[in-house]
Amino acid sequence: PVSRPTKVPRALRRHRRQSGTARAQMGTSVVALRLSRALGSRPAASLAISATATAGNFSIAADNAGWYSRGTTLADRHVQLLRLFDWDWSDSEYSGCGPSISADCWAQEPRRLSEEKCKKTRSSDLTVIYRAKQSDADLLSPDLLRQVCELESEAIRVLRAGACQPPSSGCSAVRGGECLAPVSVVSLLRDSLGWELACADLAADPATVRLAEALGLVGYDYTADSPSTRTLAAVFPLVRDSALDFLLEVHHAGTLRLASANVDTAYGMWRRDDFRDAVRDEVLFSDMALVYGSLVVSLVCVLAYTRSLFLSVVGLLQVCFSFPLAFFCYSIVCRLDFFPFLNFLGLFVIMGIGVDDLFVVVDKWSQAARSLPPGSDVPTIAAVAGPDAALTMLLTSLTTAAAFFATAVVPVAPVRVFAIFMGFMVLADYLLCLTVTFSAVCLQHRWLQRAPSSRRARCLLSLLDFSRCSSRPPQEAAAPRARVLERLMSGPMHIAVHRGRFVLLALFFAALGLCVWQVANISPPSSTAVQLLPESHVVERYETWKQDFAEEDSSEMFVVWGLTPGDTGDHNNPELVTDLLADLDWDPSSREAQRWLLDFCNATASDPAAPRATDIGCPLRDMDDWLVDSAAAGQPRCGGASRLPVPPDAFHPCVEEYLSSEDRYSWYMGMRTYRGRLVALVASYKVVINFDSSYEQVRDTVDEWEGWMDTQNKGAPDGVRGGFFTSARVHWWDTNRSMLLGAYYSIGAALAVVFVVVLLATLNPLTTVYATVSVGTVLLLVIGTVLGMGWELGFLEGICFAILIGLSCDFVLHMAHAYTSADQPTRELKSRDALARMGPPVFAAAMTTLSTGLVMFGCTFVFFFQFGTILVLTMLYSILTSLFFFLPLTNAAGPTGRCCSLAPLSTKGRASGGADKEASTQQARAAEPEAGQIRQSL
């Protein structure tokens, strides 16, 4: 049973008897009113039940996979290629479905230093890259080559500590014989000139350097016409089992951070990412300690505003409890198993939203307590403060959650599930604020009412309210007063906003125009690569500098026949990959099809209308050369065929015979057979794009290949018309493009949601337009600022903008709702009322979240720094826009009375026009101050 207030104030009864809009608003708040009374009557029980309902035993395993698009046309093509290379042809049935295994690309054959006397380099070996500090310097010059030799000797000395590969017979050893010689230009020169040669006596031999170029040890800027290079590489053989641990040890000690007067170095693992990922993980977890330390800053800010340790702790618990409650909806209701590390950053996003809700509840309670007669009991205050706080937070929570849910259109699994998880966290935080936080406020007020009046007792209760421990008499302490921040907002701040409204609007419109121009002239990212660490970090330098070396698979484009683009896996879980989908029309056995496939390889590599590409792998041409060579050697194959095309009935057996020779089944990737039939064919080409290629360069390459493949498929014979192109670089470009398009769509969806929610809440199109324009202003100001700072709309920036969209709505919506609900006759008084009621909690929430973002500026991880920047700018521009753009708009041309209001259309029998407006104005003037304050609070 719920106990009702023993005495309802007369002003409150008169307010309930009001007709028209007030009665309609009260009708929509029945649930909130009853909930407020229940919480106010039994706050301790409500708090315990709410906390128990959100706590539980749950486990979360974070993952960091899946950072690529799925479900798009380009993504469907590439996942089929990856699935083809990973398919277990011995155990699986080729019927369009199979086991779900990891889709890792195949490993390339490692390079050799020479055919006779040097071992293969392995993926676990250490690679040191030497780079001249001056862009026009040549490392093959005598002075710089000497410095490279000395740096290499120092690296060998460091590696002698226990991880270098012991020498084997036939391999060159360094002086002393402890380690194998590194695969490098210096080793090649010493191998030909003598191992005892001093560094000062080394001279670059053109023939040796050309061999090093073939081995990928010389930068691609070295050519026969221009025999100079800024970059060299050396590969140091390491013991496989201890390579990673040893590299991490010397990295921590700093002994491999070598440099000379003119040469810098960077290091990493040869063709493996273990070392890079391990270092990034260490930096990540180190930064996480600083990031989670920012929660302490939030606690201090909340403590300063609420003046209550009890409410501060409960408020932070409210935010923390929203995590498991959202995880329940995420995992159990939506059945999402993939939980990326990005979801943990939701704690910092929800911290800003939760603190805002906490401040709203505290201020609404304080305003309701001041508007009611002194000594009003908790249920009475709850009946006034509860519906108002619930409706105010509902508007912002629905808008923010909808903005996050709209971001789920991004076809990148971590971003999509992060958006879903954040939407649930916002709704969970709203429910917990209505139950946990509101119960705590009720409980604190009851404890303070029943506390003894002695100073000693009041000081013991300072954990509930610091102001109780004061020298004021008990009767003064019991009478709540407006806060300093509230008096500041309703006084000097309002005067400044009102008098300077036109100047403020002019300044904001000028800044808005500048940002619109900045956004309109935005250029695509100059690179599709993702930078996670600062440019000065040795790992980031290595990832950047290694692009100076041409690798076999660095720029490959694949053309695939026999498969159908598609992705049957779970797009929200990277571990559940697609099945292999066969092209049922694929049949290359006819003579026309064989001849067309051969001509396709030649035309793609030589036709002027074809994309710029170099043919590096055409399976049917290789098979044709094999037939020609076999016939010339007097060993005819495939029933005596001398070359392609062969008879249709002999084609598939001929392919099997070709693959069985030299055991091509184990390593040849161009052809895949199943049950004696060729089911997939892959041709490869060298193209000019790479991971550091510009967005426009990759886009142009994709457009060229799309046009070329469409033209070729239209003229292809039956059975080979389903060819498509794909590449890892193209797939990554598609991921970046999907992130950008998703960010644009999310911004549009967020503005649409703001418009609908504000319109339904205020029933005033003019206020709705002001609020929507203000939210758009926040977005444009943030985006324009970061573009002016030199940012590009790349992958990480797209993630930050997805977070920005959800945070940019709250403050403006608070002001819009407060202005509409203010029961004042003029726009100046309505603006002042809105500023006095919502200015303090909005300003305090902005400062709290902004302080949290400032702490992240000390992080090393680039994403954390960018996340902190977005957080600070969003809070800064949100509070400035709500105070100095939206309120000047309402001061200058805000609606009053029934102006632009749709409320008369929604109430039957209501009189309209000037008579109705005059009646409401007279009623407002006739009411005593107490009733006016109550109507203002409700």
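Author: Helices (H or I, at least four residues) and strands (E, at least two) are DSSP runs, numbered from the N terminus. By that count the chain has 31 helices and 9 strands. This is a predicted model, where local features need pLDDT of at least 70, side-chain atom pairs count only at pLDDT 80 or more, and totals for chains, interfaces and linings use all residues. Residues are numbered from 1 along each chain as its sequence is written, and side-chain values use heavy atoms, with hydrogens and water left out.

Reader: Happy with that! How do I read the two faces of a strand, and which residues of S7 lie on each side?

Author: In a regular strand, side chains alternate between the two faces of the sheet. In S7 (residues 671–674), Met671 and Thr673 lie on one side, with Arg672 and Tyr674 on the other. All four are buried, meaning under 20% relative accessible area with a 1.4 Å probe and protein chains only.

Reader: Which strand does S7 join, and by how many bridges?

Author: Strands pair if DSSP finds at least two bridges between them. Here 4 bridges join S7 to the antiparallel strand S8 (residues 677–686), and Met671 stands opposite Leu681. The two strands form a hairpin with 2 residues between them; in its turn, Arg675 has a positive phi of about 55 degrees.

Reader: Nice. And helix packing: which residues of H7 meet H8?

Author: Contact means heavy atoms within 4.5 Å. Val185, Leu188, Leu189 and Ser192 in H7 meet Thr208, Leu211 and Ala212 in H8.

How values were computed. Buried means under 20% relative accessible area, exposed over 50%, partly exposed in between (1.4 Å probe, protein chains only).
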